[in-house]
Amino acid sequence: MSCRYMPGSTAASSLFVSTAIEAQVAAINLQAPATSLARLEYDLHSMLLLVTGGIFLLVLAVMLYAIVRHRKSAGHAAKLFHENTTVEIIWTIIPLLILLLIAWPATQAVLNQKSTRGEELTIKITGYQWKWRYDYLDDNFGFMSHLATPAAAIAGTVAKPLNYLLEVDEPLVVPTGRKVRLLLTANDVIHSWWVPQLGIKQDAIPGFLRDAWFMVDRPGIYRGQCSELCGKDHGFMPIVVDARSPEDYEHWRAARLKQAAASADDPTRVWTLAALRERGEKVYGQNCIPCHQANGRGIPGSFPALDGSPVVNGDKAGHINIVLNGSQKNPAMQAWGKQLSDTDIAAVISYERNAWGNHTGQLVQPAEIRAARTGAAS
Amino acid sequence: MAIAGLAAVPQQSHRPHGWRRWLFATNHKDIGSLYLWFAFCMFLVGGVLALCIRAELFRPGLQFFQPELFNQLTTLHGLIMVFGAIMPAFTGLANWMLPLMIGAPDMAFARMNNWSFWLLPPAMALLLLSFVVPGGAAAAGWTLYAPLSVQLGMGMDLTIFAIHILGVSSIMGAINIVVTIINLRAPGMGMMKMPMFAWASLITAYLIIAVMPVLAGAVTMVLTDRHFGTHFFNAAGGGDPILYQHVFWFFGHPEVYIMALPAFGIVSQVIPTFARKPLFGYTSMVYATSSIGVLSFMVWAHHMFVTGMPATAQLFFMYATMLIAVPTGVKVFNWIATMWEGSMSFETPMLFAIGFILLFTIGGLSGVTLSVAAVDVQLHGSYYVVAHFHYVLVAGALFSLFSAVYYWFPKMTGRMYVERLGQLHFWWSLLWFNVTFFPMHFLGLAGMPRRIPDYALQFTQFNQIASVGAFMFGLGQLIFLVNILYSLRHGKTAAQQPWEGGNTLEWRLPTPAPYHSFSEAPQLDVAENGVVVAMQGGKHG
């Protein structure tokens with residue numbers, strides 16, 4: 001699943017085509033609902049639009065009438081009334097009644113959104129700067145989901161793909177017709193998980209769990225974005241949900257379980273520098289590039305350069321420590337030990353120590369990372 | 001030069017000259033002018049930041065600004081417009097007009113008044129300076145949510161310090177307004193008779209005194225989390241990131257009314273003048289304004305409907321928010337009833353006041369839509385919210401400010417502005433404001449998050465329309481500047497009462513208002529909304 005996620009490969013391809021056509025027309029309303037919650041929100045909004053639109057037109061009409069008829073240039077003399085208690089009571093009571101009428105369905109909808117019980121599947125969603133992680137708690141596997149749009153498309157040197165900024169390498173796959181309960185949290189700052197067609201927006205808060213639920217009606221690809229400002233690449237951490245029929249979902253799940261078992265790294269394996277560098281470059285691309293940049297020069301003033309850095313070219317232990325445990329000085333440098341495996345950390349450190357102008361020739365084995373972890377724990 | 005022109009008043013002996021007049025200013029008119037010019041400059045600076053944002057968003061892809069700089073632009077645009085432009089502009093108007101409208105010789109604390117103004121330039125300098133420090137300016141949005149604001153560079157520290165200074169300035173300005181209104185009204189100017197603008201300023205001042213310390217507390221907690229090892233907002237240390245939002249919005253929602261109530265006050269003066277008819281339902285307007293002030297403290301968490309509050313909290317804040325629509329509706333109905341059966345003429349102040357009612361109503365109604373928690377789940381953090389609050393703040397606060405400046409310009413300067421340019425300024429602003437912000441409703445509904453430097457392709461058309469609108473709107477504000485600068489020197493001489501229907505106290509003064517007015521309080525017989533029936537005595541100079 002390392003290739004770019006192509007929707008044609010799913011059972012939902014026909015549905016995707018129609019979404020693609022819709023995407024060409026500038027939409028002026030909420031996206032087509034694909035869950036009961038989204039439909040509830042859609043209908044409630046339509047109702048509100050009618051009510052508020054009606055009130056606005058009424059206010060506008062009365063005002064325009066006065067502007068046209070009660071003007072000095074039309075010879076209208078002012079009538080000096082300035083009080084009428086009956087009228088005042090009427091236009092206090094009527095808005096109150098309208099609000100009461102709105103409040104009833106609005107209350108029902110809130111209670112519905114909040115009823116997360118009776119779930120058939122639980123997925124934990126973790127927001128990271130700037131990507132999402134999905135953990136299937138019942139099956140004990142999970143993966144990161146990164147933006148798949150190439151940097152060149154953002155810079156404008158190549159054409160922008162159809163789903164520009166709304167495509168990921170690994171979508172969240174869920175079965176249709178099952179109640180999915182989401183547990184949301186974050187690793188660093190507050191993020192917000194928003195998929196309009198599923199009717200969900202829920203903040204992911206570091207150190208706390210929040211829940212939400214959805215049950216998708218029909219197979220399809222549903223796209224969304226982070227909707228809480230979370231730093232530099234807030235605009236570049238999309239969400240893609242691939243809803244499949246329960247059978248298709250079971251196939252996918254079985255394949256995933258097998259893959260998870262097979263790809264578990266043996267932490268005692270001894271790697272060659274070339275193999276570690278190759279893997280490390282990938283890990284670097286997925287995790288470190290936003291701040292330290294592809295050329296390793298960072299962003300002066302905000303994110304330090306790795307190219308020529310004393311930490312990277314210095315003692316191995318210091319380098320391992322900062323990657324594992326983060327930086328005290330600069331909170332933007334996270335403790336990667338919590339998200340990456342020993343092998344991935346060993347690989348990325350080995351890569352950094354032998355990339356750009358850094359030529360230490362040293363490599364770090366996964367076993368050293370494990371030792372550093374246990375050392376830190378004790 | 002321009003400042004001197006705006007306050008071009010008859011020569012009197014006991015008045016400092018040159019730069020001393022401004023730096024050591026204690027005269028409420030001079031300080032009011034300083035506030036207004038400062039606010040206009042900040043409006044231009046904040047506007048340029050907004051145009052940078054719209055330029056970047058004209059096309060998908062990153063063209064002009066990298067994401068980290070883009071976030072700084074949105075953050076500083078918000079902070080500068082709120083604290084540098086709108087709030088000082090209202091304080092400036094209150095300084096200039098309140099003593100004239102209630103028959104006071106000056107503001108109650110003349111020297112503190114000087115200090116409240118002169119704290120503003122250093123605070124804004126700190127904010128602007130933060131663009132060039134390592135790591136750049138604050139980039140967490142004007143709301144400065146923790147823990148993101150805990151991560152940022154030293155630009156954030158400068159921002160926190162600037163907010164502290166701005167808070168001190170606003171609180172001192174507000175105390176001055178409260179004391180002036182309570183203590184310095186001329187005999188006969190009863191509380192339930194004084195102009196709505198005075199009422200609105202009074203309630204606003206109370207809101208400022210109540211909530212600016214709360215904001216100072218919130219950012220101070222961020223400061224100590226950043227540098228002194230506290231964990232107010234860090235769960236790992238026993239804190240809670242959401243605590244920041246509760247504290248911030250306990251300030252933030254009353255802040256919305258701090259920027260809206262004075263606008264209500266201005267419109268309640270302008271509409272009766274140009275409808276040549278007393279304000280309809282004065283008493284209910286006073287009560288509506290007060291109840292909006294009180295309710296504004298009970299709705300803060302409607303900014304937090306997607307943080308995952310329990311259902312009961314969602315419901316409480318939803319109902320309380322919906323309730324605000326009632327007094328706000330009463331105000332709109334009262335203004336329209338004032339226009340009804342009037343004898344209206346449509347000079348620039350009236351046009352801006354009518355534009356205000358129309359567009360503020362749209363902003364209010366989209367606010368009702370947002371108040372419904374279940375729908376807010378789709379709209380929160382989207383461009384719909386951006387559209388909503390710009391309808392409230394640009395078409396609300398800014399249009400009312402333009403209305404006020406055109407309305408009182410003759411009294412302040414002794415000259416008339418150029419009516420044709422004023423009308424052009426209004427129609428131009430009305431058109432391009434809507435071209436800029438109406439499409440943002442569509443963008444938000446269709447799923448575009450706010451505060452992003454780049455967007456998916458289906459959002460392109462409306463973003464382009466909005467960007468074109470923003471540049472045209474910005475250009476139109478130069479019409480205002482040209483009008484003011486030209487009229488200060490060459491405007492026609494204004495009569496004592498340039499508006500036929502103007503019958504509040506300020507129109508009883510000579511034009512331009514003497515440098516020292518009402519040094520001896522007049523005896524007044526006043527009807528509702530500050531309408532002067534009879535006046536005796538009252539010396540100037």
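Modeller: Start with strand pairing: DSSP must find at least two bridges between two strands before they count as paired. Strands (E, at least two residues) and helices (H or I, at least four) are DSSP runs, numbered from the N terminus. Take Leu182(A): Ala212(A) in β8(A) stands opposite. Strand β5 (residues 180-186) of chain A pairs with β8(A) over five bridges, in the antiparallel sense.

Colleague: What should I know about the model and its numbering?

Modeller: This is a predicted model, in which local features need pLDDT of at least 70 and side-chain atom pairs count only at pLDDT 80 or more, while totals for chains, interfaces and linings use all residues. Residues are numbered from 1 along each chain as its sequence is written, and chains are lettered from A and ligands numbered from 1 in the order in which they are written.

Colleague: What is the average pLDDT of chain A?

Modeller: pLDDT is the predictor's confidence in each residue, from 0 to 100. Chain A averages 88, and 92% of its residues score at least 70. Residues 1-23 of chain A fall below 50. That stretch still has 29 contacts in the model beyond near neighbours in sequence. A contact means C-beta atoms, placed from the backbone, within 7 Å.

Colleague: Into which domains is chain A divided?

Modeller: Domain bounds come from an automatic or database assignment. Here they give domain 1 (36-114), domain 2 (121-263) and domain 3 (273-377). The centres of domain 1 and domain 2 of chain A, taken over C-alpha atoms, are 40 Å apart. Four residues of domain 1 and six residues of domain 2 of chain A make the contact.

Colleague: In what order do the strands around β5 of chain A lie?

Modeller: The order is β3-β2-β1-β5-β8 (chain A), five strands in an open sheet with mixed pairing. β3 (141-145) and β8 (210-214) of chain A stand at the edges with a single partner strand each, so one side of each has no neighbour in the sheet. From one strand to the next, the twist averages 25 degrees. Such angles run from 0 to 180 degrees between N-to-C directions of axes fitted to C-alpha atoms, for helices over the stretch in contact.

Colleague: How many residues lie between β1(A) and β2(A) in their hairpin?

Modeller: Two. Strands β1 (residues 121-128) and β2 (residues 131-136) of chain A run antiparallel, joined by six bridges. Ile123(A) is opposite Tyr136(A) in β2(A). Next, β2(A) pairs with β3(A), again antiparallel, over five bridges. Tyr134(A) faces Phe143(A) in β3(A). This hairpin has four residues between its strands, and Asn140(A) takes a positive phi near 60 degrees.

Colleague: How many residues of chain B are in contact with chain A?

Modeller: 83, against 82 residues of chain A. Helix α13 (residues 311-339) of chain B gives the largest share of the chain B side, 14 residues.

Terms used
Contact = placed C-beta atoms within 7 Å.
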